[in-house]
Amino acid sequence: MARGDGKLSHDLLPGEKGPQDACGVFGVFAPGEDVSKLTYYGLYALQHRGQESAGIATSDGSQIMVYKDMGLVSQVFDEASLEALQGHIAIGHTRYATTGGSVWSNAQPTLGPRHEGTVALAHNGNLVNTEELLTIIEQRHEPPRSGELARGNTTDTALVTALLNSEGSLADSLREVMPLLRGAYCFTLMDETALYAARDPQGIRPLVLGRLERGWVVASETAALDICGASFVREVAPGEMIVVDEQGLHSEQVVEPRPKGCVFEYVYLARPDTRIAGRSVNESRAEMGRQLAREHPVEADLVIPTPESGTPAAIGYAQESDIPYGQGMVKNAYVGRTFIQPSQTIRQLGIRLKLNPLREVIAGKRLVVVDDSIVRGNTQRAVVRMLREAGAAEVHVRISSPPVRWPCFYGIDFASRAELIANGLGIEEIARSLGADSLGYISEEGMIAATNQPEEALCTACFSGKYPVTLPEHVARAQGILQARESEPIAAEKDA
Ligand code: SF4
């Protein structure tokens, strides 16, 4: 059932999407624990990764039950639905649609038949070789469109669910399927008797393993371990498969690792209280702000964030520059994604639905406004205008990531290449377009240094155009990537 009310969103301007996360996944194996409630809380902690649909699958050792619907975790589940999800194994999913539309039939976990038993699957990431996978399914299966595909599921996750329908154990199927997949995947999956987790060889999206007193947890972010009382054990390694069953936890390196973690998780996507590769996301963002101040200093009276995503970097900028930090705008967190669009007469209110300036803080001040990224530029243009109307003497925009010039094919929905403001304009032109007195982006080197990770272990493709997993030619051509990089190969490294 589609819900017409508040799908809350990070977006500040009606119709102007910021970068959208691909999904959050969770899994738990814990005999004697209320696994559906643990998964519910885990998904709550991962709500920022996807707000379109939510679902949980459980097994009691002999039967899998799935409950999923469109909406936020708190809208989809209540006491009665969680009570019905019995068992000691569970997986969960919060979805933002990157492949396939935002409809019930594409919600996860998916459910598929196997030669023996059933598989339920939750996926964070985006695969780039879906046509190749569909061809394999058509060659192997008769009829090819059964299970999720026959029910109208149009996602890459449905293709993987179909591929897992093979002989042998689910572990055998994963061993066979993982090497076929190209792109980003963090899976939590289950059959009737065991919990599984798997991560792509690049480890593009995060996935961590946690320990409960009576079981194990896997989740997209450490924040989801914290909320259900699990202690952090380690990251699921790129290319690794984990199986948890009555005999305990088993691990296997199925595909050779070639780490390329998404740098944008540090910039914006992950929760600030999450740790990735041992590094606090909040500290990374604050350091990006400090570096931004070193690279782009300016005489000003006050540093303010674009709430909430710019806050840690703005604090870092203020620390390094010795300019006071303040809150210059208040954000209404309760405006939904699907609220009624303003009529023409009140359209100019635009961003006021989400943000309101604090005039007494802003008036007469030379402001530094810190944000995490610029995609199309419409939000920052509206913010600059709003601050000027509230009496700001000067508005200097500082961005804690480099210009976004390339689309993401690994699970983050930015915009098409043509829509990205930095794709066609230089820095001065962007500053003029935003109406800002000055504009400064952090350098790629500065951003990478703030993550404490070596450059070769990170994906930076949306900034650099160096895609770590080769894109099918028709995809690259459709986005103008081949044309733009005719003198250079589109992939920095081959993925085969
Ligand atoms: S292209 Fe950008 S957003 Fe996508 S995985 Fe790479 S760094 Fe992350």
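Here are some questions and answers about this predicted model.

Me: Let's start with the whole chain. What percentage of its 496 residues count as buried?
Reply: The chain's secondary structure comes to 19 helices and 23 strands. Among its contacts between residues at least 6 apart in sequence, 70% join residues at least 24 apart. As for the 496 residues themselves, the share that counts as buried is 60%.

Me: Is Cys 23 buried or exposed?
Reply: The cut-off for buried is under 20% relative accessible area. Cys 23 has a relative accessibility of 4%, so Cys 23 is buried.

Me: Which residues is Cys 23 in contact with, leaving aside neighbours within four places in sequence?
Reply: Contact here means heavy atoms within 4.5 Å. With those neighbours set aside, the list for Cys 23 is Arg 49, His 93, Thr 94, Arg 95, Tyr 96, His 123, Asn 124 and Ser 220.

Me: How many disulfides does a search of the whole structure find?
Reply: A disulfide is a covalent bond between the sulfur atoms of two cysteines. Cys 228 counts as buried because its relative accessibility is 10%, and Cys 459 is buried too, at 9%. Still, for disulfides, the search of the whole structure comes back with zero.

Me: Arg 114 is buried, so what is its nearest side chain of opposite charge, and how far away is that?
Reply: Arg 114 is found in the loop between strand E5 (110-113) and strand E6 (118-124). A salt bridge would need a side-chain nitrogen within 4 Å of a carboxyl oxygen. Arg 114 has no salt bridge, and the nearest side chain of opposite charge is Asp 191, at 5.5 Å.

Me: Which backbone oxygen does the side chain of Arg 114 reach?
Reply: Residues that Arg 114 touches include Leu 164, Glu 167, Gly 168 and Ser 173. At 3.4 Å, the backbone oxygen reached by the Arg 114 side chain belongs to Gly 168.

Me: What do the buried residues of helix H11 pack against?
Reply: Helix H11 runs over residues 311-321, and its buried residues include Pro 312, Gly 316 and Tyr 317. Just after H11, Asp 322 takes a positive phi of about 65°. The packing partners of the buried H11 residues are helix H10 and strands E17, E20 and E21.

Note on methods:
Residues are numbered from 1 along each chain as its sequence is written. This is a predicted model: local features need pLDDT of at least 70, side-chain atom pairs count only at pLDDT 80 or more; totals for chains, interfaces and linings use all residues. Side-chain values use heavy atoms; hydrogens and water are left out. Buried means under 20% relative accessible area, exposed over 50%, partly exposed in between (1.4 Å probe, protein chains only). A disulfide is a pair of cysteine sulfur atoms within 2.5 Å. Helices (H or I, at least four residues) and strands (E, at least two) are DSSP runs, numbered from the N terminus. Lys and Arg count as positive and Asp and Glu as negative; His and the chain ends are not counted. A polar contact is a pair of N or O atoms within 3.5 Å; within protein, one must be able to donate a hydrogen and the other to accept it, and residues adjacent in sequence count only if both atoms are side-chain atoms.
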